[in-house]
Amino acid sequence: MSATVQSSAAIAPSRRFGGMFAGNARAVIERGLRATMSSNYLVVLSGFFEPVFYLLSMGVGLGGIIGSIEVDGTSIAYGAYIAPALLAVSAMNGAIYDSTWNVFFKLNFGKLYQTMLLTSLGPLDVAIGEITLALLRGGVYAIGFLIVMNIMGLVLSPLAILAIPAVILIAAGFASIGMAFTSYMKTFQQMDWLPMVMLPMFLFSATFFPITIYPPAIQIMVECFPLWHGVEIVRMLTTGAITPMIWVHLGYYAVMLSVGVVVVARRLRALFLD
Amino acid sequence: MSFSSRLRNVAMTIGFFAVEHPSLLDYVFVSEPVIRAKNIVKKYDEFVAVDGISFEVQRGESFGLLGPNGAGKSTTMKMIAAVSTRTSGSLEVLGMDPNTDGPAIRSQLGVVPQEDNLDQELRVRENLLTYGRFFGMSRAEVATRADELLEFAQLTDRANSKVEPLSGGMKRRLTIARSLMNDPQMLLLDEPTTGLDPQARHILWDRLFRLKERGTTLVLTTHYMDEAEQLSDRIVVVDKGAIMAEGSPAQLIRQYSSREVLEVRYGSDKNASVAKKIADIGERQEILPDRILIYSDNGERDLAEITKRGHHPTTSLVRRSSLEDVFLRLTGRSLVE
Amino acid sequence: MTSVAEIKADAENSRRWGWWYVAELRLREMRGYVSYVVTSSFGNPLMYLLALGVGLAHLIPAGIDGVPFLVFVAPALLMSTILSIGAEEGMYPVLGGFKWHKIFFAIHATPITPGQIVGGFLVHLTIRFTFTAGVFFGFLVAFGAVPLATGWLMIPIAILGAFAILTPLASYSAGIDDDRGQFALIQRFVVMPMFLFSGTFFPLSQVPDWLEWVGWVSPLWHATQLGRTVSYGLNEPLWLTVTHGGVLAAYAIIGAYLMHRAFVKRLTR
């Protein structure tokens, strides 16, 4: 018997996490990168164009009509106003897609996670690996988008470089909540309701126009949406109009991320091991 | 498969594995339980999938769980594989508790699930590589191992193919190759040949037989008695989440059935009425909707007796008892429904 | 024993009504997500109108084309909503019927012909589009964005536009063997640019010249311009209005022909 145990190549997983974690999230990330290379690199690559097309359409087309817009007393081009919002929106969309549809599909149809859990991996390895992959991709898109913004002259402050970590934080916040949500979902039909939550956030979170046009009651409602805080963070960074409010927005995401992670950690067993 | 080709296979197998496993004899003759299950129960809300079953599996043994669909076989396998938390009872796999030592136990297991869950986004060989990496094996190690196992699974020429176009038999072999990446102490196979054509089944059985010869502990579930007979040293028959009987295939047949079975058919309308008139023939009878089964030591003699009484069946058949008969006897129901 | 003549007479029934049996089946299949269809049919127009027709309009006080922004954008919102459902229905539901749940093969195993499968598919969608477009139109009227008298013509225009985009896509989807993410690519490089660069939220003239062709080939632009004509009487030459209708009809008819051909090919190969 001892011969077999020694000859086994597997690393000895730790008991500390009650069988939840083997410290090998890296293998999950590797698998994701390999799958991207092997079968869907075009799709992944194409994801970069989505916000860029939006920016070209809205920034140039609509910008030509609207011209400039007042933000906190200073006037900026409409393109420079919506670009950071589109960046935050794409971070949200990417993170939500990866943590809901993608997870739901791999869990219920591809059975990919079940396969991973037949090995010495624990649920935590899988969750960390998948979220890291999503954030990695989001980060790369963000860099690309900032380059396009810069070429179009829509980057108004050198602080814009901080938008990259900010976008990753935003994506992480949405991904953790998305995964927590998915852990309760059983059918496709339930998943269908997701766009009904995403669409109003996309339309009303100061993406295309300032929330000051709303009556105060509605303004407060919008200020509760996570996307609004994300848009504000990125907009402050790319326009350079930073106020102390940024700490509130960042705090919002810190709380969102923590809540999401706690729920996901609790639900992992239900999600993967029941 | 002819005797000579079987011999050749055995010779090849020993040649193939002797390099890796010089102490083949260790596995075969050491008796020590690798699974100890006592009264394990699994409930999903109100539904009881497994209802207090107990068994032990020895190292090097080939152990079969036989039962119809929904008997609780797959759930039992999942609990052993540490991917389903049991509700109560005690379970030890390789001396550890699956509820708390999941990753450690799984690092020593190979699992072949009921449905092929190969990674469709990856190529054939990549499936093996990434799977090995999940166990924390080094890149060099997974590469060598993957090539060896592609050879074993007779898939070397499909190494760079996509998964989807593979035939059912190939997918199964790839799944088995994948489960061997970590050089497991024990292999769990859930319905390994369900849905395969006869030829693909035989190829697969041959591969599994080699693993058995090599000393790998095999635990398999099946609802095919021929499969159980082919591959298992010892079987437990499960039904509705509980164990009905236990023993080697031969023992079970001896204990629960007769040597021979005579099957006679009179058409679905008449079977029951004829059965009443020949009720005294044989040791025991089972009246199924489509046929009557008569258990005895000499089926030909009984058939002659029935014919003599003037009940000419539309078709008749004399065969040896199988595990199917054991199951019928134990549960009153047919195995494949 | 039934005679050949009797069998043929029996099959005549499904020959005549086959298209409707198919449509009926698809209506039944919708039951699983009917609450979603209904909610989104009411929710989407409300949200789009509030956000773009009311919110964004604040930034464009002068309006466009001599009408308020709300009036300008209203036909575009209706058209883009219905046409995007059309694009969606031309992709996964078609491939799924051949590849995953294989329902088209199951139907074809009955006396129903491929043509009737295509017909039933389109009839079902006509019902769905009519409902969703009708609700949307109701909201537009309530917001005072369209006149009732001529504006209702937007509903048939939207259905024609949806078919103009759906049928060519469906003819492609029916031929796919291996799903390698083609739909994601079509969505991103064909459907979305069509929606973003074809004079929906702003006149096509705002788009850089080298991108204007996107509008010209996009069913959405033609449908939207027609919608504007029947809604607020868009000022454009008659030949152009006729062209819009002609382009949409051509897309839909040629698309339906190709779709039928692709279905026959896939079902009988």
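These questions and answers cover ring pairs and chain interfaces in a predicted model.

Local features need pLDDT of at least 70 and side-chain atom pairs count only at pLDDT 80 or more, while totals for chains, interfaces and linings use all residues. Residues are numbered from 1 along each chain as its sequence is written, chains are lettered from A and ligands numbered from 1 in the order in which they are written, and side-chain values use heavy atoms, with hydrogens and water left out.

Q: How many aromatic pairs does the structure hold over all chains?
A: Rings of Phe, Tyr and Trp (its six-membered ring) pair if their centres lie within 6.5 Å; planes under 30 degrees apart are stacked, over 60 edge-to-face, and the rest tilted. Over all chains, the count is 30 aromatic pairs.

Q: Is A:Phe202 buried or exposed?
A: Buried means under 20% relative accessible area, exposed over 50%, and partly exposed in between (1.4 Å probe, protein chains only). A:Tyr54 has 23%, so A:Tyr54 is partly exposed. A:Phe202 has 14%, so A:Phe202 is buried.

Q: Why is the pair of A:Phe209 and A:Tyr214 edge-to-face?
A: A:Phe209 is buried at 1% relative accessible area, and A:Tyr214 counts as buried at 11%. Their ring centres are 5.9 Å apart and the planes stand at 70°, so the pair is edge-to-face.

Q: Which residue has its charged end over the ring of B:Tyr295?
A: A charge sits over a ring if NZ of Lys or CZ of Arg is within 6 Å of the ring centre and within 35 degrees of the ring normal. B:Arg178 lies over the face of B:Tyr131, at 4.8 Å from the ring centre. Over B:Tyr295, 4.2 Å from the ring centre, sits B:Arg284.

Q: What area is buried between chain A and chain C?
A: In this interface, 32 residues of chain A are in contact (heavy atoms within 4.5 Å) with 32 residues of chain C. Buried area is the accessible area (1.4 Å probe) that two parts lose on being put together, summed over both. Carbon and sulfur atoms give 81% of a total of about 2900 Å².

Q: Which residue of chain A meets C:Arg188 in a salt bridge?
A: A salt bridge is a side-chain nitrogen of Lys or Arg within 4 Å of a carboxyl oxygen of Asp or Glu. Across the interface of chain A and chain C, the rule finds one. At 2.8 Å, N to O, C:Arg188 meets A:Glu50.

Q: How many salt bridges are there between chain A and chain B?
A: Here 40 residues of chain A are in contact with 40 residues of chain B. The two chains bury about 3600 Å², 50% of it on carbon and sulfur atoms. B:Glu121 forms a salt bridge with A:Arg31, with the closest N and O atoms 3.0 Å apart. The count between chain A and chain B is five.
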